[in-house]
Amino acid sequence: MADLRSRITLGRAVVLVVALGALFILFTVLSAVDWRTGGVHWPFFLRWDNLVDLAGSCAINLTLGVGMTFVIIGGGIDLSVGRLIALTHVVLVVVANATGSFTVGLAACLGCGLAAGLANGAVSVRWRIPSFIVTLGMMMVARGLAMVAAGGKSVGADIDSPVVVQRFLPIAVSLVVVVVGHVVLARTVFGRHVFAVGGSPEAARLCGIRVGLVRIVTFLASGLCAGLAGLVYWSRNSLGDPLAGDGLELYAIAAVIVGGTSLSGGRGSVVGTFLGALIMGVLQYGLDSMLVQPRWQWVIIGAVVIVTVLLDRLKRSD
Amino acid sequence: MKPSRWIVLVAAFAMVCAGCQDEPQPGEGRRRRIALIYKATTNPFFQAMEKGAREKADELGVDLEVAGIPSETDVDRQANLVRNMLNRRVEAIIIAPASSVGIVTPLLRAREANVPIVNIDNRIDTDEAKTQGLKVATFIGPDNFEGAKKVGAHACNLIKKTLKAGQKGRVLILRGIDGVENAEARRAGFEAAAKAAGIEVAGSESAHWHTDEALRVTSALMAANPDVHGVLCANDKMALGAIAAVKARGKIGQIIIVGYDNIDLAREAMKRGDMHGTIEQNPAMMGALGVECALKALQGESLPEVTPVPVQLITPEDVK
């Protein structure tokens, strides 16, 4: 591994790990105090159940974030993934309900994500339309199709996810996605091509890299991740909800940026996205469990996104 | 900071924690901890509900822990709140579900932890709950049929007073979203009231709860039925649209218009004499009943499957 652009810089890694650790300690301490009586007890934030739920709550953003990392490093953006979750998991539920087979439903769900990713990539590459526009359109199409597939209302799943699946499948899926994503991006020829294409498409073309194909594959990866996130959504809720996923694409993009991936492409890492998504996930979950009102959560999470990037910038200019 | 200082800090913290009670244990003399999880935190209806619940909790000496999602529909986020509350070791959960089907799966954990569930506002899907084996202590909700019947009967009485001998009264009905439980119940309530009063329903259509759509629908229905005496609207927002339509035909004050929800704009319309009645759903009482029922469930009392929240007719006399 010689390519420095694909490694998370040490400075960035330190900032992220310290931020993550600080948040974790903060919530642990807060959870040990009984605010009404002023008494102190064992911090519930450290309980096994709570840690499992915390990891589960990060799963969707992690899964989407890895796909988004590929797209952004390749010089694109994918705004469709949030609404694609709605489409893919509704398809999973509807198909599984109709056929009685979960496997068929899952295949349809992943196929649906891949098809949307292919459409995003192919249209933006073939006709040179900025991916911002194509995926913005796909976001609306996916929202509409999710409504169509669900028949305009939430559909209950005939195959419910048992409590064990509910709790551990999200974690398993997201960890596999992170590991596979990291290996593909940092250790394979294809991964190196993604960096080349995002860094300088012209130079990549002159080196004999098939720029268009590489870009299409990054969108396929993002679509597949949206399909897997749909699986996670089903496992957590046993429901086909056509309104799900609203705004999650922005959370995924924020996790990628906090993780140090450059929005202009050609630079970034899955490890960074992993840490970025964890920071946002711990923050949101922690604020929720401290019963902080949602209106303040927006302010705090937004500020943390800005501050993390700012800290990194200051560190680099030292 | 040196690593050794960190270790000291962590050890000190662990000792403080270990020295105190291991966990908040329920029992004699301890305050009960009950969670309220709701949706649409910006909606005045739910804010009133939260206020009612908090006041009741203070009165009964219960610790109420409140969390809500900002939207009406963020099912996954609300499921997270359920998990949070269970990890906080609350003893009972009061929930206004964002999805009547989707909430069942996350609530199964509460059943496993023997935490009673009190359902308010939007009823948890009974079939789904039965399939997954979820037991709900009670459902506390407004009786939409009763409310619509009440305000519908009030409108029919007013209409009858203006009728000449031998003349038959005619009304229009503006429905909410078809297929949704409260919309269907209100429509049935209006129809029952009209039937009981011997008044004919000249036209009935959905305006999807929206003011602008109600304006359009009422105009169209009145064009086809120029001689109607009243418009029964399944919510106040649609009543405002009906008022605009009636005004445009110069018949304001002659046609009886009623709504549902008792929103501020409806009260103003009643003060002006444009509107003649609405229904207060008592969200504060719903919240208070939620706390009461959760406490009863904790004490092992058995509760009825459904606990109706009384609805109240509001007329122009009430707002003056």
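Just after helix α10 of chain A, Gly260(A) takes a positive phi of about 95°. Helices here are DSSP runs of H or I with at least four residues, strands are runs of E with at least two, and both are numbered from the N terminus. The model is a predicted one, in which local features need pLDDT of at least 70 and side-chain atom pairs count only at pLDDT 80 or more, while totals for chains, interfaces and linings use all residues. Residues are numbered from 1 along each chain as its sequence is written, and chains are lettered from A and ligands numbered from 1 in the order in which they are written.

How many of the 11 residues of α10(A) are buried? The count is 10, over a helix that spans residues 248-258. Among them are Leu248(A), Tyr251(A), Ile253(A) and Val256(A), and also Glu249(A). A residue is called buried if 20 or more other C-beta atoms lie within 10 Å of its own, exposed if 12 or fewer, and partly exposed in between, with C-beta atoms placed from the backbone.

The next helix, α11(A), covers residues 270-289 and holds Leu275(A). Leu275(A) has 24 other C-beta atoms within 10 Å, so it is buried. Leaving aside neighbours within four places in sequence, Leu275(A) is in contact with Leu16(A), Val17(A), Leu20(A) and Gly259(A). Contact means that the C-beta atoms of two residues, placed from the backbone, lie within 7 Å. Leu20(A) is 255 residues away along the chain, yet its C-alpha atom is 7.7 Å from that of Leu275(A).

Now chain A as a whole. It has 12 helices and 2 strands. Its radius of gyration is 20 Å, close to the 20 Å that the globule rule gives for 318 residues, so chain A is as compact as a globular protein of that length. That radius is taken over C-alpha atoms, and the rule is 2.2 Å times the number of residues to the power 0.38. The C-alpha atoms fill a box of roughly 70 × 60 × 30 Å along the principal axes. Of the 318 residues, 55% count as buried. Among contacts between residues at least 6 apart in sequence, 78% join residues at least 24 apart.

One backbone detail in chain A. Most residues other than glycine have a negative phi. Arg128(A), which is not a glycine, has a positive phi near 50°. Arg128(A) sits in the loop between α4 (102-126) and α5 (131-150). It counts as exposed because it has 8 C-beta neighbours inside 10 Å.

Chain B has a case of this kind too: phi of Trp209(B) is positive, near 70°. Trp209(B) is in the loop between β7 (200-206) and α8 (211-224) of chain B. Is Trp209(B) buried or exposed? It is buried, with 20 other C-beta atoms within 10 Å.

Where do the chains meet? The contact takes 33 residues from chain A and 36 residues from chain B. On the chain B side, α3(B) gives the largest share, 8 residues. By class, that side has 13 nonpolar, 11 polar and 12 charged residues. Nonpolar covers Ala, Val, Leu, Ile, Met, Phe, Trp, Tyr, Cys and Pro; charged covers Asp, Glu, Lys and Arg; the others, Gly among them, are polar.

Next, the strands of chain B. Strand β3(B), residues 92-95, is covered on both faces, with Ala92(B) and Ile94(B) buried on one side and Ile93(B) and Ile95(B) on the other. In a regular strand the side chains alternate between the two faces of the sheet. β3(B) pairs with β1(B), residues 33-38, in the parallel sense over 4 bridges; two strands pair if DSSP finds at least two bridges between them. β3(B) also runs parallel to β4(B), residues 117-120, with 3 bridges joining them.

Last, the domains of chain B, with bounds from an automatic or database domain assignment. Domain 1 takes 30-136 + 284-309, and domain 2 takes 144-280. Their centres, taken over C-alpha atoms, are 33 Å apart. Cys156(B) is in helix α6(B), residues 144-162. With 24 C-beta neighbours inside 10 Å, Cys156(B) counts as buried. Its contacts beyond four places in sequence include Gly169(B), Ala193(B) and Ile199(B). The C-alpha atoms of Cys156(B) and Glu65(B), 91 residues apart along the chain, are separated by 44 Å.
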